[in-house]
Amino acid sequence: MTHSVLALLRILADGHSHSVQELCNRLMLDTVMLEQSIEGLRELNLSVQVSADGALALREPLDLLDHQAIISSLAHNARAWLSRLEVHPVIDSTNNYLLTQAASGWPSGAICLAEVQQMGRGRQGRNWLSPFGANLALSLLWRFTTPSAAVGLSLATGIAVARMLRQAGITGVGLKWPNDVWWRERKLGGVLLESGGTVERFYIVAGIGLNVALAREASALIDQPWVDLQEIWPGAPVDRNALAASVIGSLIEAFSRFQDEGFAGFAEEWVRFDQVRGQGVRLHLPNGVVAGIARGVDVTGALLLETPDGRTTPYLGGEISLRLAS
């Protein structure tokens with residue numbers, strides 16, 4: 001995104017009408033350059049409307065992410081752990097970005113947020129729907145002594161997000177093993193952990209996606225029941241900067257605690273959020289499907305599946321997809 005496109009977006013984000021003359025004056029652009037900037041917004045699938053008198057406005061106002069607003073909203077402990085925070089208007093993937101920076105030596109506590117991810121993804125290589133300014137997409141980099149020190153971290157990450165939402169007053173929030181944040185059996189968000197480095201210099205990048213205010217036409221691409229925060233919190237728009245600060249604070253607290261306690265420190269809390277325990281489920285594995293009753297998780301965060309023959313087998317995340325039995 002060019003500087004002029006971003007500057008135009010920041011003016012139009014208020015949702016009000018602005019005349020061409022006003023925009024040209026404020027941006028120090030001629031009409032041709034202004035039209036090019038408008039086209040840049042349309043390329044991001046932002047609807048720029050033109051009134052009868054030629055004034056311009058976005059179809060809906062946007063609550064843009066703001067670096068300083070997020071930093072100011074962080075609690076002292078979170079700021080102490082935070083090593084870096086970047087906000088990008090457009091990025092291929094916040095996870096990809098931090099994986100690259102981790103390889104160059106960035107320390108724990110680095111955060112990347114984006115208004116839109118052009119190559120955002122979920123588990124098993126699926127695309128993560130991310131219209132401009134409609135979601136919260138962020139990633140956190142954290143280093144561990146060895147890969148084994150991060151066993152169960154994916155579940156602890158989900159707990160951190162779900163806990164924050166419950167503390168914000170959202171009842172009915174839970175987790176579907178291993179990575180989905182649910183609200184009343186509808187997907188509100190997801191977690192994607194990726195790793196890199198060597199055994200001695202191991203790191204994790206945790207990507208978080210939360211649906212904030214998805215346009216219904218964009219959401220037609222989602223292949224499962226879903227919900228966004230705007231539906232859960234009808235009325236006033238969701239403050240995405242306050243939300244980002246709350247998620248970051250909860251993640252940093254969870255990761256710093258996980259370093260000392262591992263998944264054992266989160267196991268009891270997982271039980272309170274677990275939405276599939278005791279239910280019939282199907283696990284879609286790389287080589288087939290297995291069905292049974294979910295019996296919680298073990299000390300590593302593996303799902304315990306009781307099959308019809310009476311055996312209980314642990315299954316770790318990876319390339320496994322869980323669906324409730326119909």
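**Reading the chain**

Mentor: Begin with the secondary structure: the chain has 10 helices and 14 strands. Its radius of gyration is 21 Å, close to the 20 Å that the globule rule gives for 326 residues, so the chain is as compact as a globular protein of that length. Keep in mind that this is a predicted model.

Trainee: What box do the C-alpha atoms fill along the principal axes?

Mentor: The box is roughly 75 × 45 × 35 Å.

Trainee: How do I read a nonpolar core?

Mentor: In soluble globular proteins, nonpolar side chains tend to be buried together. Here the largest nonpolar core has 67 residues, and L113, L136 and L165 have the most contacts inside it. Helix α9, residues 240-261, gives the most to this core, with 10 residues. Another core lies apart from it and has 23 residues, including V5, L12, L34 and L56.

Trainee: Which residues does L165 touch, leaving aside its neighbours within four places in sequence?

Mentor: L165 is in contact with I170, V173, V181, L188, L210 and L229.

Trainee: How do I read backbone geometry?

Mentor: Most residues other than glycine have a negative phi, and most peptide bonds are trans. In this model, N45 has a positive phi of about 65 degrees although it is not a glycine. R184, also a residue other than glycine, has a positive phi near 50 degrees.

Trainee: Where do N45 and R184 lie?

Mentor: N45 is in the loop between α3 and β1, the latter spanning 48-50. R184 is in the loop between β7 and β8.

Trainee: Are N45 and R184 buried or exposed?

Mentor: The cut-off for exposed is over 50% relative accessible area. N45 has 73%, so N45 is exposed. R184 has 54% and therefore counts as exposed.

Trainee: Which peptide bond is cis?

Mentor: The bond from W177 to P178 is cis, with omega near 0 degrees. P178 sits in the loop between β6 (173-176) and β7 (180-183).

Trainee: How would I read a residue in a helix, such as R42?

Mentor: Take its place, its accessibility and its contacts in turn. R42 is in helix α3, residues 31-42. Its relative accessibility is 33%, so R42 counts as partly exposed. Not counting residues up to four places away in sequence, R42 touches E35, V48 and V50.

Trainee: And what of a loop residue such as V199?

Mentor: V199 is found in the loop between β8 (186-197) and β9 (202-211). Leaving aside neighbours within four places in sequence, V199 is in contact with T145, T146 and P147.

Trainee: What separates the C-alpha atoms of V199 and S47?

Mentor: V199 and S47 are 152 residues apart along the chain, and their C-alpha atoms are separated by 48 Å.

Key: Residues numbered from 1 in each chain as written. Predicted model: local features only at pLDDT ≥ 70, side-chain atom pairs only at ≥ 80, totals over all residues. Heavy atoms only, no water. Helix = DSSP H or I, 4+ residues; strand = E, 2+ residues; numbered from the N terminus. Rg over C-alpha atoms; globule rule 2.2 N^0.38 Å. Core = buried A, V, L, I, M, F, W, Y, C linked by side-chain atoms within 4.5 Å. Buried < 20%, exposed > 50% of the residue type's maximum accessible area, 1.4 Å probe, protein only. Contact = heavy atoms within 4.5 Å.
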